[in-house]
Amino acid sequence: MKIGLLGGTFNPIHLAHLRIAEEAREACGLDRVVFIPAATPPHKATAGDVPFRDRHAMTQLATEDNPAFAVTDLESRRPGKSYSIDSLSILQHENPDAHFYFILGLDSFLEIHTWKDFQGLFRLAHFVIVARPGFSLPSSPTELLPVAVREEFCYDTKSGNIVHKSGNLLIFIKETRLDISSTRIRQLVAEKHSIKYLVTPAVEDYILRHGLYLSG
């Protein structure tokens, strides 16, 4: 089975997140895309102190109409920071026959050298890197790799792929560029403006019913 993994704070999850997941699913022939809400993000605090239960609930609501999408509460079931290397290791142990595809935006990939044991991530999964608004791919995508791991990759002229020594691939895709951000959505809610068509109706209803983001 080919399983895509899309992590984030999802504060809140919006239509661009869903579109990224769908385009990665289609481009890579994934059987499933699992959304992984972060319980305790390692790099920054959760804006507005919105608890995991709300972000997890919104992610479930946003994905419930797509049978290829699933949501896990994995990162709430262990203490400490929500490091991707730990989550991926657990998922691989629980699904030993699966092939994992780690989906992330180009903006996040450019900061991967700051992640815990980022070298290990390349050994555990294929990477699906999505070009985001404001970021474009260079002519030689290997330039995007942290210097510390560049020697672990090579370009396969036959397949046209960038391949890690483990056999895992770097796959670059260009998404439909929906310039939507969770930051902007939170700002709109705080200013009492509409967020319709930026999030799913179920997520919009959840935010309004629970009074999220009203303090900015």
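1. The model is predicted: local features need pLDDT of at least 70, side-chain atom pairs count only at pLDDT 80 or more, and totals for chains, interfaces and linings use all residues. Residues are numbered from 1 along each chain as its sequence is written, and side-chain values use heavy atoms, with hydrogens and water left out.

2. The count of aromatic pairs is 8 (Phe, Tyr and Trp rings, the six-membered one for Trp, with centres within 6.5 Å; planes under 30 degrees apart are stacked, over 60 edge-to-face, the rest tilted). F102 and W115 are edge-to-face because their planes stand at 75 degrees, with ring centres 6.1 Å apart. F102 is in strand β4 (residues 99–105), and W115 is in the loop between α4 (106–109) and α5 (118–124) (DSSP runs numbered from the N terminus: helices are H or I, at least four residues; strands are E, at least two).

3. F102 also pairs with F127: the centres are 5.4 Å apart and the planes at 45 degrees, so this pair is tilted. F127 is buried at 1% relative accessibility, and F102 at 7%. One aromatic cluster is formed by F102, F109, W115, F122, F127 and F153.

4. H14, in the loop between β1 (2–8) and α1 (15–28), is buried at 3%. Beyond four places in sequence, H14 touches residues including I180, I185 and L198 (heavy atoms within 4.5 Å).

5. I195 sits in the loop between α6 (182–190) and α7 (201–210). Its contacts beyond four places in sequence include I185, L188 and I207.

Note on methods. Buried means under 20% relative accessible area, exposed over 50%, partly exposed in between (1.4 Å probe, protein chains only).
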